[in-house]
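Here is a quick tour of one protein chain, going from a single side chain out to the overall fold. Have a look at the model before reading on.

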Amino acid sequence: MKPLFDRRSDWTSFEQVAPNVIAALGMLGKAVDDSGLEKQLTELLKLRVSQLNGCAFCLQFHLNLARKLGLEQAKIDLVATWREAGVFSVRERAALGWAEALTLMAQQHITDVLYDEMQAAFTESEIAFLTTAVGAINAWNRIAGALQFSPPIPKV
């Protein structure tokens, strides 16, 4: 039986075979975008989660987007070491801790202390949409990472 994809896959092939998946995940992204959360904050989370999951496609995609949105270069450069970097706001630190905990929740329990930090920095609605953003990027990472989509390298 011939494999469905030549590599494992690429974005274009996946888009052709699973348009409803792309539409469904796109709707999650739109819900987060429409929630009022700062777009730079959600992109920062997507960068960190994509790093944790080792998804080259999503990492490059969100690096490109973060730059277009004007996210500070220091934050882009230091997001992998956000705890030590000293350049992130209280909200960003709480959100990054939450994103890491949700991404790694099979390995460790999400503590009440962490949730309390989220409640101190975000409204209930914002927590719901940040949680959704993390869930959505984790889903994308598992698709693009497993199928090894080639990263979208920006044209210089």
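Which side chain makes a polar contact with the side chain of Asn64?

## Around Asn64

It's the side chain of Gln60, at 2.7 Å. Bear in mind that this is a predicted model, so that distance is computed from predicted coordinates. Asn64 sits in helix α4, which runs over residues 56-68.

Asn64 has a relative accessible area of 17%, and because the cut-off for buried is under 20%, Asn64 counts as buried. Setting aside neighbours within four places in sequence, Asn64 is in contact with Pro152 and Pro154.

## The annotated stretch

An unreviewed UniProt entry annotates residues 27-101 as "domain: Carboxymuconolactone decarboxylase-like". Within residues 27-101, the chain is 76% helix and 0% strand.

## The whole chain

Zooming out, the protein has nine helices and zero strands. Read from the N terminus, the order is simply α-α-α-α-α-α-α-α-α. The C-alpha trace spans about 55 × 35 × 30 Å along its principal axes. For 156 residues, a compact globule would have a radius of gyration near 15 Å, and the protein's 16 Å agrees with that.

## Packing and surface

Of the 156 residues, 39% are buried. Among contacts with a separation of 6 or more, 66% are between residues 24 or more positions apart.

How values were computed:
Residues numbered from 1 in each chain as written. Predicted model: local features only at pLDDT ≥ 70, side-chain atom pairs only at ≥ 80, totals over all residues. Heavy atoms only, no water. UniProt positions renumbered as here; feature names shortened; annotations may be inferred. Helix = DSSP H or I, 4+ residues; strand = E, 2+ residues; numbered from the N terminus. Buried < 20%, exposed > 50% of the residue type's maximum accessible area, 1.4 Å probe, protein only. Polar contact = N/O pair within 3.5 Å; in protein donor to acceptor, adjacent residues only side chain to side chain. Contact = heavy atoms within 4.5 Å. Rg over C-alpha atoms; globule rule 2.2 N^0.38 Å.
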